[in-house]
Amino acid sequence: MSADVLIVRTGAANLASVVAAFERLGRSVDITDNAFAVRTAKRVVLPGVGAFAPVAERLRENGMGEAVVHRVEEDLPTLAVCLGLHLLAAGSEEAEGGRGLGVLDVEAFRFPDTVVVPQLGWNTVTADADCRLLMDGAAYFANSYRITHRPAGWQVAWSDHAGPFVAAVERGNVLGCQFHPELSGEWGQRLIERWLDNGGESSC
Amino acid sequence: MLMRRVIPCLDVHAGRVVKGVQFQSLRDAGDPVELAGLYADQGADELVLLDVSATPEGREHAVLTVRAVRKRLPIPLTVGGGVRELGDAGALLEAGADKVAVNTAAVSRPALLGEMAREFGRQCTVLALDAAREGDAWRVVVRSGRDKLELDVVDWARTAVDAGAGEILLTSWDRDGTGAGYDLELLQAVCGGVGVPVIASGGADTAEHMAQALLAGADAVLAASILHDGHTTVSAIKRRLSKLGMEVRL
């Protein structure tokens, strides 16, 4: 039997936190680096620890990147976290010209040195009125790079560190979070549940 | 606005939480999974788990403890103690740590911080820095307080950040376990010298002490004994900090 949630192995180290978050909600989890599995799974998580360039490269090489793009285009339940969100973008300053998967027509840039970098801690999240999954609250962030502009065609939640930045984006069954929902306590858990329920409805 | 963090610290030895004064005379303070869950429910912003056993068997035990705590904990977990090389850090991250703190090994070989930052990201790489006051300055203390080095604390903090550290857990060796309040001058000196977040540790007995540390430039405050003793709770501390004008998550 296939797992409720399939996590993409991006080569980054810590998958335990995101696995634990789904298991606390009683969902089974599998980890894969198989592109076909990513393309066809019920729900997929693109996790968020590591450096942009090697992870983007790896996703392109083994076809998993293309599978993720397919999921987003077909509105299949997909959750991208932190670096995962940047990978959906066109590129990141972190990779000095390195390309992302390009489903978001924006790029990630480093926070200026006028604030503490990396941003480590809880920051307020304010969701646009048209968001279905995202809600106002506080979430845990761990990032040096962020997206500052709204990607065309996506609903956005905002946060602020040296000015407004994109805390999360959503469109249909696809959710991309700059913060770590798996580390954002009860609020994060409720967001994950909403994403799971939404995906459940549409896959019926 | 990025909020200030209150971070309970569990010193763990052979699968149990222990506490001591100035790293000595350990007493049992409970089960790590139970305490981690309790503090998370009280509104802790993160948790730090330090393996104080400093033996190979102890480190294996620590990995099991991290695994068990991770299952329960829906907030970030930093683990430190006995990390010697990249592989140790990887094992702790794999077991469920979100950040790994290094102390003595980073002093011996600062390149370890760079290796961790490249492999796991700067945001996973924490420098644990123990400081002992000497006149108008502070010197770096390693090996759980057994060795005081010539190395200046502020110089080392800058070097470590350049090498790859994304956060500093700064402990005042003079204040640890005393309840006399944080060493505020130490905090000002280090926070003014680096651009990464600094967690204040050592000496907190009240929320007022914590507010002082945050005003001195700390991004977060660590607390151990005052919580384990049951004299106060994370939620009570954060409500008090909020009344004192600090931005905290309530």
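S7(A) and S8(A) pair in the antiparallel sense, over 7 bridges. Within that pairing, A:Trp122 has A:Tyr140 in S8(A) as its bridge partner. Before I go on, note that this is a predicted model.

Those two strands belong to an open sheet of 9 strands in chain A, with mixed pairing. The order is S2-S1-S3-S4-S12-S11-S10-S7-S8. Strand S2 (29-32) and S8 of chain A are the edge strands; each has a single partner strand, so one side of each has no neighbour in the sheet. From one strand to the next, the twist averages 25°.

Next, a helix on the sheet. Helix H4 of chain A, residues 64-73, packs there and touches strands S1 (5-8), S3 (44-46), S4 (78-81) and S12 (174-177) of chain A. The direction of H4 makes about 120° with that of S4(A).

Now the chain as a whole. Chain A has 6 helices and 12 strands. Its radius of gyration is 15 Å, close to the 17 Å from the globule rule for 204 residues, so chain A is as compact as a globular protein of that length. The C-alpha trace of chain A spans about 50 × 35 × 30 Å along its principal axes. Of the 204 residues in chain A, 55% are buried. Taking contacts in chain A between residues at least 6 apart in sequence, 66% join residues at least 24 apart.

Last, the contact between the chains. Chain A puts in 31 residues and chain B 31 residues. On the side of chain A that touches chain B, helix H1 (16-24), strand S7 (119-127), strand S8 (137-143) and helix H6 (185-203) of chain A each give two or more residues. S7(A) gives the most, with 6 residues. By class, that side of chain A has 15 nonpolar, 13 polar and 3 charged residues.

Technical notes: Residues are numbered from 1 along each chain as its sequence is written. Chains are lettered from A and ligands numbered from 1 in the order in which they are written. This is a predicted model: local features need pLDDT of at least 70, side-chain atom pairs count only at pLDDT 80 or more; totals for chains, interfaces and linings use all residues. Two residues are in contact if their C-beta atoms, placed from the backbone, lie within 7 Å. Helices (H or I, at least four residues) and strands (E, at least two) are DSSP runs, numbered from the N terminus. Ala, Val, Leu, Ile, Met, Phe, Trp, Tyr, Cys and Pro count as nonpolar, Asp, Glu, Lys and Arg as charged, and the others, Gly among them, as polar. The radius of gyration is taken over C-alpha atoms; the globule rule is 2.2 Å times the number of residues to the power 0.38. A residue is buried if 20 or more other C-beta atoms lie within 10 Å of its own, exposed if 12 or fewer, and partly exposed in between; C-beta atoms are placed from the backbone. Two strands pair if DSSP finds at least two bridges between them. Axes are lines fitted to C-alpha atoms, for helices over the stretch in contact, and angles run from 0 to 180 degrees between N-to-C directions.
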